[in-house]
Each structure stands twice: as C-alpha cells, then as structure tokens.
Amino acid sequence: IVDILAMADHKLLVVSPQLTSVHNAYALLKACVHRVVRKHSSDETHRDLIDAALAHETRARTIPQLLGVIRPMDHEVADRIVDTLTHFGVMLVGNQLGSPAEADALRRMTPLIHDQLLIHAPLIAAIKRTPTLAGGLKAGIGTMATQTRDEAAMAFHELARAILATDLAQLRGEQRGAQHKTMPLWIQRGLEADAARES
C-alpha cells in the first residue's frame, strides 16, 4: 500500500474528523515519506543515518531536521529529497463533516504536515454529512450525481475540479515532465542508480 501510494501522482487522503482517522492518515503518509526518503540514500553511511534518524531513535527527527544532518555530508542527496517531497502531490479530502469547525480542524493539518514531513498537503474538499449522501449509501444507489444543489454533491464537484486543474507537469517536476514519463521521479532515479551500479 505504501509503495502504491508513493507511485501515484495524486495522493488523496480521505480523512474524517475522528481522531483515529486523522492519526491513521498521518501515519500512512509518514510511512510513505520515510520509504521515499530511504530510497535516496546513496551509500551505506547515508542509509544507516536515515534509518537511525527516521526509525531507530527514541525520538525520531522530522524531515527538516534530517535534512539538516544530511546536507553537510552530501548536499546532492539532501537536494534530491527536497525535490521529491516538493512534488509529492498530496491532497486531503475531508469526509462526513458535521460542521465548518471540523473542516477548519482538518485544514490545520496542512501546516503540521509540512513542518514534520516537508510536503504540501492542502484540504481540497470538505464533504459534509447530508441526508442525500446518507440516503444514497443506505439505498446502495448513486444519488449524488443527480443532486446538484446538495452541499455534499457540490463538494464532490469541487473535488473533481481541483484534481482536473492540477498541472501534472509541474507536479512531476521539470525532469519528469521533460521525459514524458508517468513513473514517479524517485523510482526513476532508483532504477537509474541500479543500472549504473550494474554497468
């Protein structure tokens, strides 16, 4: 699951206002970021340093703290990590929200995620809990498509517009955009490094 999420251009995390949902979404995102950061280790020393910083210490470093340790040793590895995380493509979708305050609480996750993981993760849709949505789920039918004035239906339309408006070339970065590949940049770099070691 972590690898599949890391490969996607759009990483949509659907989060409800319950603490368990928020915690699970962040834990999944953190595992994904850590996996990608580990892929950038260029030698055993860097790999051990990254593993120690991210997993084996009693108090794990944040990604900015980790970069502060790695950059003096190898600024190119640090720059590649920053580039990858800049184009990570995470978006939050609030689901089953009961009030504007719950949407605001989810919006406050964005700066916290950036401070800890150095990725931008805006809340792009806030889907309210509505009778239409609940009725469609109980009946097992797609009532949302026909209810253009329902608040939840409008939120789904906003979600679709936000995804369609994303500039994939910018999201993938200049290097990936120039290559016209759908493979995530960090995977492409890993394959190139493996090929270089084999030759």
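Reply: First, a definition: helices (H or I, at least four residues) and strands (E, at least two) are DSSP runs, numbered from the N terminus. This is a predicted model, in which local features need pLDDT of at least 70, side-chain atom pairs count only at pLDDT 80 or more, and totals for chains, interfaces and linings use all residues. Residues are numbered from 1 along each chain as its sequence is written, and side-chain values use heavy atoms, with hydrogens and water left out.

Me: Which strand holds Q96?
Reply: Q96 has a phi near 60°, a positive value in a residue other than glycine. Most residues other than glycine have a negative phi. The strand that holds Q96 spans residues 90-97 and is β2.

Me: Is Q96 buried, partly exposed or exposed?
Reply: Buried means under 20% relative accessible area, exposed over 50%, and partly exposed in between (1.4 Å probe, protein chains only). Q96 has 24% relative accessibility. Therefore Q96 counts as partly exposed.

Me: Where is L118 found?
Reply: L118 is not a glycine, yet its phi is positive, about 65°. Helix α7 covers 109-117 and strand β3 covers 123-128. L118 is found in the loop between α7 and β3.

Me: How many salt bridges does a search of the whole structure find?
Reply: Side chains of opposite charge can pair when their charged atoms come close. A salt bridge is a side-chain nitrogen of Lys or Arg within 4 Å of a carboxyl oxygen of Asp or Glu. Searching the whole structure gives a count of 3.

Me: Which residue forms a salt bridge with D3?
Reply: The closest N and O atoms of the pair are 2.9 Å apart. The bridge links distant parts of the chain, with D3 in helix α1 (residues 2-7) and its partner in helix α2 (residues 19-39), 32 residues apart. D3 is partly exposed at 36% relative accessible area, and R35 is partly exposed at 33%. The partner of D3 is R35.

Me: How far apart are the closest N and O atoms of R71 and D79?
Reply: R71 counts as partly exposed at 34% relative accessibility. D79 counts as partly exposed too, at 38%. The two form a salt bridge, and the closest N and O atoms are 2.6 Å apart.

Me: Which helix holds both D104 and R107?
Reply: D104 forms a salt bridge with R107, with 3.0 Å between the closest N and O atoms. The two are 3 residues apart, about one turn of the helix. That helix spans residues 100-107 and is α6.

Me: Are α2 and α7 roughly parallel or roughly antiparallel?
Reply: Axes are lines fitted to C-alpha atoms, for helices over the stretch in contact, and angles run from 0 to 180 degrees between N-to-C directions. Angles under 35 degrees count as roughly parallel, over 145 as roughly antiparallel, 65 to 115 as roughly perpendicular and the rest as oblique. α2 and α7 pack at about 30°, with their axes 12 Å apart. So α2 and α7 are roughly parallel.

Me: Which residues of α7 make the contact with α2?
Reply: Contact means heavy atoms within 4.5 Å. From α2 come V22, Y26, L29, K30 and V33. From α7 come M109, I113, Q116 and L117.

Me: Which residues does S21 touch, not counting residues up to four places away in sequence?
Reply: S21 is found in helix α2. S21 is buried, at 17% relative accessible area. Leaving out residues up to four places away in sequence, S21 touches V14, V15 and S16.
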